[in-house]
Amino acid sequence: MKLLASDYDGTLKYLDHVTQQDLDSIHRWKDAGNMFVMDTGRSMESILEEVGKYNIPADYYITNNGGMLFDRDGNELFSSYLDPLMSHDIMYLAKSIPGVVSYVVNDGFHRHRIIVNDQLEEKRYPGLMPDISEQQLLDMGKYAQIVISYETQEEASAIARKLNDRFSSQISAYANKYVVDVVPKGISKAHGLHFLKDYLHIEETDIYAIGDAENDIPLMEFADQGCCMTSGKKELHAHAKYVCDNISDYIELII
């Protein structure tokens, strides 16, 4: 049995939708006795909405950039959380940094958005409306991931570096196009995949992974058989063994 772990945004959903070609290839992959895993920066709540919309046949869900793991029935198998006080510091910091549009806090399953500057264009969460107050968010006390949304990708990359410098012992901050994903130190998409490997007793040589962005680098490098989407930045291609236009092409190489 082999396992294929795929990023979602920009990878499986790379043309503003999931293509039937990719879905057919995933079904063929699974029909051959293999497993398909979503490995995403999204919350479980968010990725389940997409899975339902496109009928994606996922066996497991690695969410929050590797910070949470769920089986196909939504049972939690692994979790990690940020320090609450430090999380408050990052939320307050997000409100003071120029160029921040909003920030989204994930409690391990659900996500909650706070708008910082409604005069800036929201690239990542245009349809996600705030559902709780900022005070309710601060009182929540349970934070698996904080996502800070910017108007430009350059700003996101710059702030990711600054956050990693400032909170170096407590967090890992990943630039992910127009956002910065903040998770507990040491957490990555590869971390979640490593836990799943041990849980399922799968050999590392039987694991394949595909992504397209900076937060996918640990995923693409995981087992030396990773793939980067052609649409990803050119400098990211060097982190993968393969470069493909889509998941379907990657499956043709590894099945």
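**Exercise 1.** Which residues is cysteine 227 in contact with, leaving aside its neighbours within four places in sequence?

*Solution.* Start with the criterion: contact means heavy atoms within 4.5 Å. Cysteine 227 then touches Ala209, Ile210, Gly211, Met220, Ala240, Tyr242, Val243, Cys244 and Tyr250. This is a predicted model, where local features need pLDDT of at least 70, side-chain atom pairs count only at pLDDT 80 or more, and totals for chains, interfaces and linings use all residues. Residues are numbered from 1 along each chain as its sequence is written, and side-chain values use heavy atoms, with hydrogens and water left out.

**Exercise 2.** Decide whether cysteine 227 is buried or exposed.

*Solution.* Buried means under 20% relative accessible area, exposed over 50%, partly exposed in between (1.4 Å probe, protein chains only). Cysteine 227 has 0% relative accessibility, so the residue counts as buried.

**Exercise 3.** Find the volume of the largest cavity and the residues that line it.

*Solution.* On a 1 Å grid over the protein atoms alone, a cavity is a set of points where a 1.4 Å probe fits but cannot get out; lining residues have an atom within 4 Å of a point. Grid points are joined across faces, edges and corners, and a volume is the space filled by probe spheres set on the points. There is one cavity of 30 Å³ or more, and the largest cavity holds about 50 Å³. Its lining consists of Asp7, Asp9, Thr40, Gly41, Arg42, Arg124, Asn176, Asp212, Ala213, Asn215 and Asp216.

Terms used:
1 Å grid on protein atoms, 1.4 Å probe; cavity = no way out; pocket = protein on both sides within 12 Å on 5 of 7 lines; lining within 4 Å.
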